[in-house]
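Dear colleague,

I am handing over the structure we spoke about, and below it you will find my notes on what was found. Please read them with the coordinates open.

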Amino acid sequence: MPILKDDLKNLGRRNFIKSAGLTAAGLSVAPALISFKDDTAQQNNIPDSKFPEGFLWGTATAAYQVEGAANEDGRGVTIWDTFSHIPGKVRNNDNGDVACDFYHRYPADIQLMKGLNVKAFRLSIAWSRIFPDGTGTPNQKGIDFYKKLTDDLQENGIEPFATLYHWDLPQALHDKYKGWESRETAKAFGDYAGFIAKNLGDRVKHYFTLNEMSTFVELGYGNGIFAPGLKLPQAGLNQVRHHAVLAHGLAVQAIRANGAAGTKIGLAENLSVPVPIIDTPENIKAAEVAMREENAGYLTVVMEGKYTDKFLKRTGADAPKFTEEDLKIISSPLDFVGINVYMPAGYVQAADNADGYKTLPFAKSQPRSTSAWQVLGPESLYWAPKNVQKLWGVKEIYITENGTSGTDELTTDKHIYDTDRISFMRNYLTQLQKATAEGVPVKGYFYWSMMDNFEWTSGYGTRFGLYYIDYKTLERIPKESAAYFKVLAEKNQVV
Ligand code: PNW
């Protein structure tokens with residue numbers, strides 16, 4: 001295999017030899033080192049690493065995390081504005097007032113994406129830019145912003161995929177109804193979704209209703225570390241869970257009723273992904289059973305139109321109050337299922353107990369990213385889509401988020417050699433490719449995130465981007481992983 005002199009120099013300078021030592025830990029780094037400058041698939045030496053033809057490569061962001069311009073053009077206050085301005089809630093007391101200033105800089109950012117061979121972009125629409133108070137009179141300037149943004153994307157050959165709720169609830173709905181504690185918020189969300197489909201439906205064909213119901217509900221209303229910072233008792237928490245899935249269903253119906261022909265609808269859920277510790281038939285079955293049960297309050301009820309018997313038994317007197325009609329709405333048919341996959345929920349094995357499985361504790365030395373919650377387990381990106389297909393017969397799956405946070409040190413010559421992120425992508429994507437090769441219908445992958453951004457309670461110190469943001473100047477600097485993504489998307493294969 002021809003290794004050019006330049007490659008050798010790069011290998012040395014970038015200290016890649018050291019990272020190649022990772023192969024000892026079972027991470028396949030070596031073959032791809034050379035592939036960066038290789039032109040043919042054969043030289044890559046991974047003949048099976050292709051993704052299906054037409055596989056969509058994209059990046060993802062969310063309004064509050066990147067847009068900034070918090071007080072411009074009539075945008076209403078959201079629960080995250082309120083929460084992030086309370087001292088002590090976010091690391092370093094960071095907030096999203098300016099963020100990456102994507103609101104003003106999106107034209108240049110679209111060019112950066114184009115340079116990465118990105119063909120799809122997952123953005124979120126800020127509800128409070130459209131309806132500053134959550135309901136009522138729409139704000140034309142907000143609509144115009146998303147029209148301009150999505151037009152610009154399409155003119156550059158990038159398909160917009162819009163999330164309607166990425167956690168930035170209009171504060172007015174919180175004040176008036178206690179937010180997701182009330183059914184009124186679910187109804188308001190349905191109305192807003194219908195309005196968007198009517199007004200942007202000519203240009204946006206793909207919608208995700210809510211992003212990660214499980215995360216914003218559990219962290220915002222269960223343990224209080226996310227906005228609005230509540231710690232509800234179980235009965236109240238179950239009702240919030242129910243209102244979230246109900247909001248999803250109402251939005252699906254509203255988009256169907258108002259969207260243009262050909263509009264496709266799904267959601268983007270951070271589902272719990274149990275991974276079999278050893279791939280025996282018993283453990284594989286156990287992981288499937290565990291996945292259905294662990295997502296009972298969210299994806300399972302959306303896909304099945306009923307709460308599982310075990311969920312109702314577990315919640316007992318605290319179970320959510322719901323009607324049969326609610327369940328029908330919640331399980332309105334979807335065109336695709338989007339899943340955000342970062343980690344295994346745990347490694348499981350078959351067990352002779354009432355659940356039929358047992359979750360093993362993570363080893364203390366299990367690798368993690370700089371996000372304390374993120375245990376690294378590439379197999380999660382195989383088992384998540386595999387079992388979504390198996391459990392619910394889903395025909396179209398998108399990986400709506402996958403990514404990792406790193407230390408991302410900026411060198412004096414302005415480089416970021418994020419070897420950890422590249423290794424992460426290669427290992428996770430190898431697992432995803434294995435799933436697609438087995439016929440699991442994954443249609444696309446959105447890397448989280450296109451650029452560093454406001455990482456919720458972790459503020460700006462935790463970086464997930466392919467582009468580094470210098471928060472003093474707002475300059476975007478491509479990380480080494482951006483170069484990796486560019487080749488990956490161009491070749492449509494693990495590199
Ligand atoms: C997701 N956890 O959030 C969100 O969809 C993104 O907005 C976010 O930036 C990204 O993943 C990276 O964190 C999560 O604690 C936040 O398990 C927290 C958790 C999971 C996902």
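Thr209 has its place in strand S4, which covers residues 206-211; helices (H or I, at least four residues) and strands (E, at least two) are DSSP runs, numbered from the N terminus. Before going further, please note that this is a predicted model, in which local features need pLDDT of at least 70 and side-chain atom pairs count only at pLDDT 80 or more, while totals for chains, interfaces and linings use all residues. Residues are numbered from 1 along each chain as its sequence is written, and side-chain values use heavy atoms, with hydrogens and water left out.

Thr209 counts as buried because its relative accessibility is 0%, where buried means under 20% relative accessible area, exposed over 50%, and partly exposed in between (1.4 Å probe, protein chains only). Its side chain makes a polar contact with the side chain of His248, at 2.7 Å. A polar contact here is a pair of N or O atoms within 3.5 Å; within protein, one must be able to donate a hydrogen and the other to accept it, and residues adjacent in sequence count only if both atoms are side-chain atoms. Leaving aside neighbours within four places in sequence, Thr209 is in contact (heavy atoms within 4.5 Å) with residues including Thr163, Tyr165, Phe189, His248 and Leu267.

Thr359, in strand S9 (residues 357-360), counts as partly exposed because its relative accessibility is 39%. Once neighbours within four places in sequence are set aside, Thr359 is in contact with Glu294, Gly346, Tyr347 and Val348. Between Thr359 and Gln349, which are 10 residues apart in sequence, the C-alpha to C-alpha distance is 6.6 Å.

Helix H12 (residues 213-222) has 7 of its 10 residues buried, so it is largely enclosed by the rest of the structure. The buried residues of H12 are Met213, Ser214, Thr215, Phe216, Val217, Gly220 and Tyr221, and what covers them includes strand S3 (159-165), S4, helix H13 (234-258), strand S5 (264-269) and helix H15 (296-304). After H12 comes Gly224, with a positive phi near 75°.

Turning to the ligand, 15 residues lie around it, and Gln65, His166, Glu401, Glu455 and Trp456 come nearest; a residue is near a molecule or strand if one of its heavy atoms lies within 4 Å of it. The shell around the ligand divides into 6 nonpolar, 6 polar and 3 charged residues, with Ala, Val, Leu, Ile, Met, Phe, Trp, Tyr, Cys and Pro counted as nonpolar, Asp, Glu, Lys and Arg as charged, and the others, Gly among them, as polar. An oxygen atom of the ligand lies 2.8 Å from a polar side-chain atom of Glu401, a side-chain N or O atom of Asn211 is 2.9 Å from a ligand oxygen, and for a polar side-chain atom of Trp448 the distance to an oxygen atom of the ligand is 3.1 Å. The ligand taken alone exposes 450 Å², of which the protein buries 90% (Shrake-Rupley method with a 1.4 Å probe; for residues, only the protein chains shown count as cover).

As for the whole, the protein has 20 helices and 13 strands, and buried residues make up 58% of its 495 residues. Its C-alpha atoms fill a box of roughly 65 × 60 × 45 Å, taken along the principal axes.

With best regards
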